[in-house]
Amino acid sequence: MPFRTMRVSGVPRTTGSPGAPDSAPGETGTTAQARARRAGLRGEGAWGWMFVSPMVLVLGLFMVLPILMALWVSLLHWDGQSNPFSGQADFVGLDNYRSLLTQDGLDRTLFATSLRNNLYYVLLTVPLQTVLALGLALIVNQKMLRGRGAFRTTFFFPSVTSSIAVSTVFLFLFQGSGAVNSMLSWIGVKGPNWFADPRGVLSLVLGGLGIVDPERPTGLLADHSTLGLSWFEWLSGPSVAMCTLILLAVWTTSGSFMLIFLAALQNIPRELEESAAMEGVNRRQMLRYVTLPALRPVLFLVLTLGLISTWQVFDQVYVMGQGAPGNTTLTPAFLSYSAGFDNADFGQGAAIAFILLALILVLTAFQRWALRERGARTRRNR
């Protein structure tokens, strides 16, 4: 119904359709409708906040508040026996962070060792579990495959098994006289004592090639250091014991990521694959130019989840050696736990946790930047 202007007592007044609110003097009908729309949106916003307020309170009470408390503890020298918000706890400022990052000593050496171990753990585990999960998803997604349900259940079963139970089983499998070394002996290979071997894999390879001497490294690798560790120690690679943890992580997590990839594969429109097949593309070209571009958001999700979980690995380390042998399986998460509950230095443990949090956020942001859709951004800039 078109707006019409009425004059009441010499004052023009605008009216709209039936049910529309009357406008104020000097206000057009469009302005009145906009004002009513804003009022309605404010009302909807208030109702929305009312419905989500219980969850906001729960998250604030059990997540945000503990994070702020832990941040305060990281600035203290606190043994966990007193109230950290009273004068009984010594306020040391950033000393806990300095002892881990800038000051020479055992604390920085242990922290650098844990970072090195966890870095190799991430660099090997995340790509391996992602590639294996995608490969398994491509296999069980084939309609011509018989027993697809049985295969899916078999591949996913390790992911729902208790990590403590699986770690205990791996302890028996990788013993010096365990099943793994027994199978290696069938082909004439003498397996190592896996969980008691602190030697770096890369240093063993370089030593076997005669490039360096793993026992007495010299030159540039031995003369320079970072965070208290020589460059040779940084580049020696994961220890033999850490390799068993990597195998365990890949075996137990690839099933979960397989299901994520499988759901994404089933959501790819069949028209894309059919049109590509009509163009005469082979399977490798189909995977590269059709499947992987369609899986870009899911690939980012899998890589992000893998990155976060691998930097936070704790339970396998706790069960399978607690950093032994020679701190070659030590990780920042376990070091944070050990500093607080074993050494009664909760301030340093909290500091390690926040450094780890900052590291995860930076790497996640970098990963998001690396996997962004560059073509779409270029078109927007134009």
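**Burial, contacts and pockets**

User: The place of Ser-114 is in helix α3. What makes Ser-114 count as buried?

Analyst: This is a predicted model, to start with. The relative accessible area of Ser-114 is 0%, and the cut-off for buried is under 20%, so Ser-114 is buried.

User: Which residues touch Ser-114, if you skip its neighbours within four places in sequence?

Analyst: Leu-330, Thr-331, Pro-332 and Leu-335. Each counts as a contact of Ser-114 because heavy atoms within 4.5 Å are what the term asks for.

User: Over to Ala-351. Where is it found, and why does it count as buried?

Analyst: Ala-351 is part of helix α16. Its relative accessibility is 0%, and buried means under 20%, so Ala-351 gets the label.

User: What is Ala-351 in contact with, leaving aside neighbours within four places in sequence?

Analyst: Ser-74, Asn-96, Tyr-97 and Leu-100.

User: Which share of the contacts in the protein chain, counting separations of 6 or more, comes from residues 24 or more positions apart?

Analyst: That share is 65%. The chain has 382 residues, of which 33% count as buried, and it has 17 helices and six strands.

User: Let's look at α12. How do you know where its buried residues sit around the axis?

Analyst: Take the buried residues of α12, namely Met-286, Val-290 and Thr-291. They span an arc of only 85° around the axis, so they sit on the same side of α12. What covers these buried residues includes α10 and α11.

User: What is on the face turned away from the buried side of α12?

Analyst: That face carries Arg-284, Arg-288 and Tyr-289. They are called exposed because the label goes to residues over 50% relative accessible area.

User: What about the second largest pocket: what is its volume, and which residues lie nearest its centre?

Analyst: The volume is about 540 Å³. Of its 20 lining residues, Ala-70, Ser-336, Gly-349, Ala-350 and Ala-353 lie nearest the centre. α1 (29-73), α15 (332-342) and α16 (346-370) each supply at least two residues, and the largest share, eight residues, comes from α16.

User: How do the lining residues of the second largest pocket divide by class?

Analyst: Into 16 nonpolar, four polar and no charged. Since Asp, Glu, Lys and Arg are what counts as charged, none of those four types is in this lining.

Technical notes:
Residues are numbered from 1 along each chain as its sequence is written. This is a predicted model: local features need pLDDT of at least 70, side-chain atom pairs count only at pLDDT 80 or more; totals for chains, interfaces and linings use all residues. Side-chain values use heavy atoms; hydrogens and water are left out. On a 1 Å grid over the protein atoms alone, a cavity is a set of points where a 1.4 Å probe fits but cannot get out, and a pocket is an open set with protein on both sides within 12 Å along at least five of seven lines; lining residues have an atom within 4 Å of a point. Grid points are joined across faces, edges and corners, and a volume is the space filled by probe spheres set on the points. Helices (H or I, at least four residues) and strands (E, at least two) are DSSP runs, numbered from the N terminus. Buried means under 20% relative accessible area, exposed over 50%, partly exposed in between (1.4 Å probe, protein chains only). The arc is that of the directions from the helix axis to the C-beta atoms.
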